[in-house]
Structures are given as C-alpha cells and as structure tokens.
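Here is a short briefing on one protein model. Look at the fold, then read the points below.

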Amino acid sequence: MLVTFSALTALCALAVQVQAISKVTRTGRYLYQEDGTRFYIKGIGYQMQGERHESEDNHFGEPGTFIDPLADAAACRRDLEHLRAASINTLRVYSVDSSLNHDECMRLFSDANIYVILDLTLPVIASIDRTQPSWSTNMLDVFIRTINTFEKYDNVIVYNIGNEVVDRVQSSLATLPFLKAVARDVKAYLKSINSDRLVGFGSTFLDSPGNSGVHRSIAQFLSCGSEETSIDIFGLNDYTWCGSRGSLDQSSYRADITQFADYNVVAYFSEYGCTDARPEPRPWTEVEVLLGEDMSVAWSGGVAFNYFPTAAVNGDFGVVTLSADNTTVTVSEEFTSLGERYGAFNGPNSPSRDSVAAPTYGTCVAPTGASNTLPGTPNNEACSCLLGALSCRPNAAAVADADLRAQLTGEACGLLSRAGGSCDELNGNGATGVYGRAAACGPDVKLAYAMSSFYEREGRNAQSCNFGGNASLNPGASPTVDAPAAAGTCVPSPNAAILPALSEPSSNSGSPNPAPSAGNDGGNNPPANNNRGNGASGSAVRIGAFAFVSAMSAFWVLA
Ligand SMILES: *[C@@H]1O[C@H](CO)[C@@H](O)[C@H](O)[C@H]1NC(C)=O
Ligand SMILES: *[C@@H]1O[C@H](CO)[C@@H](O)[C@H](O)[C@H]1NC(C)=O
C-alpha cells in the first residue's frame with residue numbers, strides 16, 4: 001500500500017512538472033520557440049501507405065485510400081518511445097479523418113514535445129487534381145472540418161494545402177492559381193478564428209540539369225503579393241542526396257542554398273531520404289548539412305521519409321517494421337542512424353528573433369503556364385442557390401456514388417456538346433485565368449448544371465432529364481430560367497474572394513464552427529458532399545514522389 005501511495009505521489013509530482021509544449025511561430029522566414037530559440041524541424045513522415053490508386057495519370061503511384069495515424073491511440077503509444085529516442089520533434093501527417101477522435105495521440109505527442117505538420121488534403125476527393133484542377137466547396141468543407149478538429153491541439157504547427165501537385169508535366173503548372181487561392185482562403189479562415197498556425201505547401205523537386213529554378217518559381221508565386229495570399233512555409237521534397245554518395249555539391253543542396261538565399265518565408269524539406277544507394281542502409285549524412293550553418297540561412301530542417309513501411313518502385317522508404325498484429329515495432333538500422341544524427345545536430349541558434357526584419361511580399365510573377373488571376377473562394381451559399389435553381393438534377397443515389405457521378409457528368413457533357421452546348425462553366429483554367437461560374441461548386445452541382453443545360457437545350461423535353469433513371473426535374477425551378485441565367489444570378493463573380501464558411505455547421509468535429517454562417521442559405525444546402533474521410537480513390541494525397549524522384553536523383557548523381 002505504502003509503495004503504491006508513494007509511487008502515486010511521485011507520479012503526481014511529475015505530472016505537475018509537465019510543461020505545455022512551447023509554441024512555435026514564424027518571424028519572417030524563420031521559426032522560433034516561445035523563448036526565442038530558433039526552431040528546426042527534425043521530422044519524419046508518419047503515415048501508413050494507402051492503397052495505390054489505379055489511374056493512368058498516377059505517375060507517382062499515389063494512394064487512393066488512407067489510414068488516419070492520429071486516431072489510433074495504441075499505435076501512437078507504441079511508436080512514441082521510438083520517436084523520442086530518435087530526437088524527432090515533428091511528424092508530418094498526410095491525411096486525417098476529422099470525424100475520428102485524435103485526443104490521445106495528440107496529447108501523447110504534445111507531452112513529448114512533438115509537433116505535427118498536417119496536410120489538409122484527402123486522396124482524390126479533397127485535393128487539387130493536377131489534370132483537372134478545381135478548388136471547390138466540397139474540398140473547402142473537408143479542410144475547414146479538419147482545421148476545426150485540430151485547432152484545439154497545441155502542437156499543430158502547419159496546415160499543408162497540398163503536396164507535389166505540380167509535377168514534371170508542363171500543364172500541371174496551371175494548378176498554381178488554384179493552390180494560391182487555397183492558401184488565401186485557408187489563411188482567411190484561420191484569421192477569422194484567431195489561429196496563428198502556419199499555412200504550407202510541399203513541392204516536388206523539379207529542377208533538372210540545364211533547367212533550374214523551376215520549383216523556386218513555384219515557391220515565389222505561392223509567397224508573393226501579400227501576407228494574405230501567401231503561404232507561410234514552403235516545403236521542398238528533396239531526394240537529391242543519396243546516402244554515402246551524397247554531398248553538398250553532388251546533391252542539389254548547394255543550389256538550394258543559392259536559390260533560396262533571399263526567400264521571404266520559411267523553407268524546409270517537406271520530404272527527404274533518397275534510397276538510391278540501397279542496399280546500403282541510408283546513413284542520413286545529409287542531416288549534418290541540412291541542420292548546418294550554410295543551409296540554416298534559408299532552411300529550417302526537414303522531414304525524413306517515412307516512418308512506416310512504404311513500398312515504392314525504388315525500394316521501401318520505411319524505417320520500421322510492424323509485427324503481424326501491429327502491436328510491436330522493430331526499428332531498422334536506418335532509423336537508429338537517423339536518430340543519432342537528429343540527436344547530434346541542432347542547427348545554429350541564429351539569427352536572433354529580434355534581428356529578423358518583417359518579410360516583404362514581392363510582385364506576383366506567375367510561372368509560364370500559370371495565370372496571375374486566381375479563382376474565387378468556394379461559396380457554399382452561391383452553389384446552394386444554383387442547385388436550387390437548376391431545372392434537372394441527379395437523384396440522391398447518383399449524388400452519393402462518386403464514380404457514377406463522374407460517369408454521368410461525362411455523359412451529360414458529351415451529350416451537351418453534341419447538341420451544340422458546352423460544360424465550360426464547370427471548369428476553371430489556371431493557365432488562362434478563366435473560371436466558370438460553377439467551377440468552385442461541388443460535383444453534385446456540376447452534374448446538375450450539365451444535366452440541366454442538356455435538358456434545356458433539348459427544348460425541355462422531359463425525356464432529356466432522365467439519364468437512365470439517374471435524374472429528375474426540379475419542381476422548384478423556374479421554367480423561364482436556364483442554367484447560365486441561374487449561374488449568372490447565383491454566382492455573379494466567379495473570381496470573388498470571400499470569408500470561407502462551411503455549408504453546414506460541423507456536427508462531428510467536437511469543436512464549434514466559429515466562422516460566420518455565410519454559407520447557410522436557410523436549409524437549401526446541396527446534398528451531402530459525402531467526402532468526409534471515406535478515402536475514396538484517385539490521384540491525390542501525394543506521399544512521396546517515388547518514380548520521379550528516383551529518375552531525378554539518378555540525374556544528380558550522374559551529372
Ligand atoms: C495493422 O494496421 C493496419 C493499418 O491500420 C491495418 O490495415 C491492418 O489490418 C492491421 N492488422 C491487424 C492484424 O490488425
Ligand atoms: C444511371 O447511370 C448509369 C450510367 O450511365 C447506368 O448504368 C444506370 O443504369 C443508370 N440508372 C440507375 C438507376 O442507376
């Protein structure tokens with residue numbers, strides 16, 4: 001009894017001594033802790049691999065599903081001691097389900113002084129698609145729900161708006177105006193709830209011999225114009241240092257120092273850890289340089305990729321293995337080496353916070369292939385108005401089925417085009433800066449727009465609003481208002497930036513929706529966006545640029 005009692009007393013005394021995690025904030029282009037010490041990210045990717053999404057556009061082998069790593073308390077407890085032993089201070093998490101409970105994982109990590117960089121995107125259903133970009137109400141709702149769920153945790157430092165959205169295909173640069181619009185809107189939302197968490201983006205490494213400055217121009221565009229439209233922290237997924245073959249000059253690190261010498265916001269490696277020198281275990285010799293004097297002028301550490309087993313074309317990026325029942329973890333030699341490096345190097349504690357000047361935001365120069373004109377804020381009120389006014393709408397079953405929805409939209413647009421009409425209002429073009437009036441609405445509204453346009457073009461013949469039994473007439477629509485007219489009334493300006501708001505109050509996040517209810521039009525909301533953490537399928541959460549990175553790293557080593 002006595003023993004138990006003293007043990008308890010000791011525990012209580014210990015508990016009292018646990019201090020809240022130090023808040024990390026940005027001053028200019030650096031991160032600082034509360035006491036003014038410069039903060040460097042000693043991070044690791046912390047997400048199990050989802051299932052590969054089968055699509056011909058999926059060059060990176062990106063997953064279509066995800067497993068929320070912050071909702072499994074037993075797993076977080078299992079991993080905690082290893083993360084601490086490796087001096088890891090930040091986890092990068094790529095997708096979470098805002099309807100789940102994250103309290104225990106977040107508390108465990110916070111108590112251990114481990115921060116979280118959280119990507120707001122979900123595979124396929126809530127990320128900017130690089131071939132058909134759109135920043136729409138359904139994505140906005142997912143992002144706001146995730147923010148509302150995670151705002152209560154004191155160890156979230158960054159919300160990422162995307163990862164590797166621009167790839168080597170030239171046309172993907174047209175996603176940039178969308179990404180900048182997402183940054184603008186997420187920042188406005190955070191400001192409206194008095195949050196000072198940072199907004200970030202993780203970029204593909206895009207330079208190649210003879211073609212440098214590509215990702216630097218993306219970094220510039222995302223941090224240009226004004227504080228309100230800029231990211232706070234730019235991540236580069238840099239896999240150019242390959243094990244013992246790597247060095248400052250053999251990798252891109254020298255170029256990283258030069259290119260980002262005058263960058264205005266924080267920069268870090270949002271992924272690193274080339275596996276090309278396998279079977280040699282990664283020695284993580286780059287950590288000393290990444291956290292060294294030269295790099296520290298512009299860079300604030302990085303995120304080693306990846307904790308969990310992560311199969312890719314050029315090997316497995318994981319540094320631990322799990323037992324068959326998931327209850328125990330075995331760390332690899334690579335993990336131990338990474339931990340030794342993280343433990344040994346801290347990064348210079350300079351410049352001092354007081355000496356850092358306020359950042360300047362340069363004139364925006366969109367890279368070739370991207371427009372300076374951004375799409376508007378997804379506006380739930382406007383999209384609800386539009387849906388309410390459209391003459392022909394998909395039935396609930398079609399709305400609920402993402403694949404069927406996509407198929408029917410293709411069919412309706414095909415029919416419309418053969419009838420001399422077009423689905424232009426559904427699309428935004430980030431290369432020309434022309435955004436359709438329904439482009440920022442959810443897929444249900446887009447489908448209704450296409451169906452209605454066809455039905456109206458066919459002289460409102462009831463047979464034209466059938467689509468194999470997937471659609472029906474909207475009794476509330478005016479017979480004299482067609483789809484373009486409805487869009488003109490409900491969405492007068494597709495480029496307008498407004499304060500973002502949810503379509504309906506969040507019912508599952510456990511925290512109130514603090515945004516003004518601009519998105520509430522009195523119950524005429526679109527049918528459920530049905531994209532809350534169901535992790536459907538498609539080309540989006542970008543964990544690792546495997547195939548591409550491998551090709552690039554080979555370049556660097558050969559060059
Ligand atoms: C181990 O965890 C993964 C990810 O959560 C899960 O898919 C798998 O079913 C688990 N295995 C067991 C035996 O619980
Ligand atoms: C809906 O559309 C799909 C695709 O054209 C079709 O296969 C299906 O039969 C239609 N009807 C219903 C009720 O699902």
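Which residues do ring pairs link into a cluster? They are Phe234, Trp241, Tyr253, Phe260, Tyr263, Phe269, Tyr272, Trp284 and Trp299. Rings of Phe, Tyr and Trp (its six-membered ring) pair if their centres lie within 6.5 Å; planes under 30 degrees apart count as stacked, over 60 as edge-to-face and the rest as tilted.

This is a predicted model: local features need pLDDT of at least 70, side-chain atom pairs need 80 or more, and totals for chains, interfaces and linings use all residues. Residues are numbered from 1 along each chain as its sequence is written, and side-chain values use heavy atoms, without hydrogens and water.

**Aromatic pairs**
- The structure holds 22 aromatic pairs.
- Phe39 and Tyr115 pair edge-to-face, with 5.1 Å centre to centre and 70 degrees between the planes.
- Phe39 sits in the loop between strands E2 and E3, Tyr115 in strand E5, 76 residues apart.
- Both Phe39 and Tyr115 are buried (under 20% relative accessible area, 1.4 Å probe, protein chains only).
- The ring centres of Phe234 and Phe260 lie 5.7 Å apart with planes at 20 degrees, so this pair is stacked.
- Phe234 and Phe260 are buried too.

**Barrel**
- In the order E3-E4-E5-E6-E7-E8-E9-E10, 8 strands close into a barrel with parallel pairing (strands are DSSP runs of E, at least two residues, numbered from the N terminus; two strands pair if DSSP finds at least two bridges between them).
- Strands E5 and E6 pair over 4 bridges.

**Ligand 1**
- Met48, Ile67, Ala324, Asp325 and Asn326 surround ligand 1 (a heavy atom within 4 Å).

How values were computed: Chains lettered and ligands numbered in written order. Buried < 20%, exposed > 50% of the residue type's maximum accessible area, 1.4 Å probe, protein only.
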